Number of protein chains: 2
Amino acid sequence: MVSKNQIKLITSLQHKKYRQEHQLFLAEGVKVIQELLLSNIVLEHLFVTEPLFEQVPDFQKTMLKEADMKRISALSSPSSCLAIFKIPQEVPVSNRGLIVALDDIRDPGNLGTIIRLCDWFGVTQLICSRETVDLYNPKVVQATMGSITRVQVNYLDLVDFVKQSELPVFGTFMDGANVYDEKLPAEAILVLGNEANGISHGLEKVITRRIAIPRFGEIQKTESLNVATATAIFLSEFRRN
Amino acid sequence: MVSKNQIKLITSLQHKKYRQEHQLFLAEGVKVIQELLLSNIVLEHLFVTEPLFEQVPDFQKTMLKEADMKRISALSSPSSCLAIFKIPQEVPVSNRGLIVALDDIRDPGNLGTIIRLCDWFGVTQLICSRETVDLYNPKVVQATMGSITRVQVNYLDLVDFVKQSELPVFGTFMDGANVYDEKLPAEAILVLGNEANGISHGLEKVITRRIAIPRFGEIQKTESLNVATATAIFLSEFRRN
């Protein structure tokens, strides 16, 4: 059984305001919950519709009927499990290696995909402008497929961060230099901009190198690449050497 | 005003069965409709909530109130326009250049993103297994952002196609050779597999070269890249030389 208060809490955690108030977030699906349980992130409570996650003690686990899972799940096809985790304390940002910086990414699927890409390409530090979609948005958590446990994400003032950092700063612009011809260093900040407006003017001023993925084909009408697919190509270029 | 019959027709076009029966498909949003109107694809009817697309004659255009647009739109935030287009006749598949082959891609967003990537990288021919999600699924049309007008898509038996083709066939596998070390030709077939199961066994047998994007980082637990982001990196590798 799931109590009225639990339903109220779970529903409220769809919203950033209540996630911050309670310092809790939601995860759905076996794969994501499995990875979170293996990490340092602390479980608050787990709901399952079938025997799963035997390592979780009974007092932290509630067995539900599928109809009840439907009531608490945000998914159109609910999975067999939903969990509430504690939001971990923010760790101070590191200022080394390859750092990805997101300037106002709004789509949860894009942020989740970019976190998964960072994980694949061994980028452990992602920094986001304060306007970027919340890391603990359930759609972001879902889209990371567990990579959320392996990439450190900080929300901060990107202009301030870039100014104090000694790393070279690469920004992606339609009119940038061909990325295939660039000598890309192992340590750098790679800035990706908002889905519609690109990199903001304030941040543009502190970028040291403008780069772009060249278009191919004769017609050349494609307006732009999606920010997550562009990130895939830029990270591949940084790492391939 | 939108008639009951129009609502019925538009709603039915969310489903492949009725798209095939009527040989019609839906598009929503200014950008996508604009690109479709500029292409050879024939408009059946356009619905707008504000004065848009002056080039479209009155008999093909209906002005709607926003409340009516909400009734016919599949989007949670309807745009200012929705159009019905005729499905164009399938053009025979070409057997030259770089061809992307999709083996049972199920997610409409992934197919749409891959079409947009093909357009960017000058790949004009995409071939799909018959189990791949329908090109005229409204979510696919939406995700292509207009690139649907510039990439030719054919649904066919991939094994038969590959067998008759003389092009080298690259398949993407977790255990494939490092793509960064490959000499990639200008003319080839690049096969991407299903989101969960990869490339099917029948097709695997006719692949001449297995390639992969190497993982980076120390922990290396990321299970796989999303098929659309993997396609981005493979197409970038094929074109960068």
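**Exercise 1.** Determine how the axes of α5(B) and α9(B) are arranged and which residues make the contact.

*Solution.* Step 1: the two axes cross at roughly 15° and come within 9 Å; axes are lines fitted to C-alpha atoms, for helices over the stretch in contact, and angles run from 0 to 180 degrees between N-to-C directions. Helices here are DSSP runs (H or I, at least four residues), as strands are (E, at least two), numbered from the N terminus.

Step 1: α5(B) is therefore roughly parallel to α9(B), given that angles under 35 degrees count as roughly parallel, over 145 as roughly antiparallel, 65 to 115 as roughly perpendicular and the rest as oblique.

Step 2: the crossing of α5(B) and α9(B) is right-handed. A crossing is right-handed if the near helix is turned clockwise from the far one by less than a right angle, and left-handed if anticlockwise.

Step 3: α5(B) contributes N110(B), T113(B), I114(B) and L117(B), while α9(B) contributes V227(B), A228(B), T231(B), A232(B) and L235(B). Contact requires C-beta atoms, placed from the backbone, to lie within 7 Å.

Step 4: by class, this contact has six nonpolar, three polar and no charged residues. Ala, Val, Leu, Ile, Met, Phe, Trp, Tyr, Cys and Pro count as nonpolar, Asp, Glu, Lys and Arg as charged, and the others, Gly among them, as polar.

The model is predicted: local features need pLDDT of at least 70 and side-chain atom pairs count only at pLDDT 80 or more, whereas totals for chains, interfaces and linings use all residues. Residues are numbered from 1 along each chain as its sequence is written, with chains lettered from A and ligands numbered from 1 in the order in which they are written.

**Exercise 2.** Describe the packing of α9(A) against α9(B).

Step 1: the crossing of α9(A) and α9(B) is right-handed. The contact involves A228(A), T229(A), A232(A), I233(A) and S236(A) on one side and A228(B), T229(B), A232(B), I233(B) and S236(B) on the other.

**Exercise 3.** Characterise the interface and the relation between the copies.

*Solution.* Step 1: 27 residues of chain B are in contact with 27 residues of chain A. On the chain B side, α5 (108-120) and α9 each supply at least two residues, and the largest share, seven residues, comes from α9(B).

Step 1: that side of chain B has eleven nonpolar, eight polar and eight charged residues.

Step 2: chain B is superposed on chain A by a rotation of 180° with 0.0 Å of shift along its axis (RMSD 0.0 Å); this is the relation of a two-fold axis. The superposition is by least squares on the C-alpha atoms of residues with pLDDT of at least 70 in both copies.

Step 3: 96% of the interface residues of chain B are also interface residues in chain A, so the copies meet through the same surface.

**Exercise 4.** Is I99(A) buried or exposed?

*Solution.* Step 1: I99(A) is found in strand β5 (residues 98-103) of chain A.

Step 1: I99(A) has 26 other C-beta atoms within 10 Å and is therefore buried; the class needs 20 or more such atoms, 12 or fewer meaning exposed and values in between partly exposed.

Step 2: leaving aside neighbours within four places in sequence, I99(A) is in contact with Q125(A), I127(A), L167(A) and I189(A).

Terms used:
Two residues are in contact if their C-beta atoms, placed from the backbone, lie within 7 Å.
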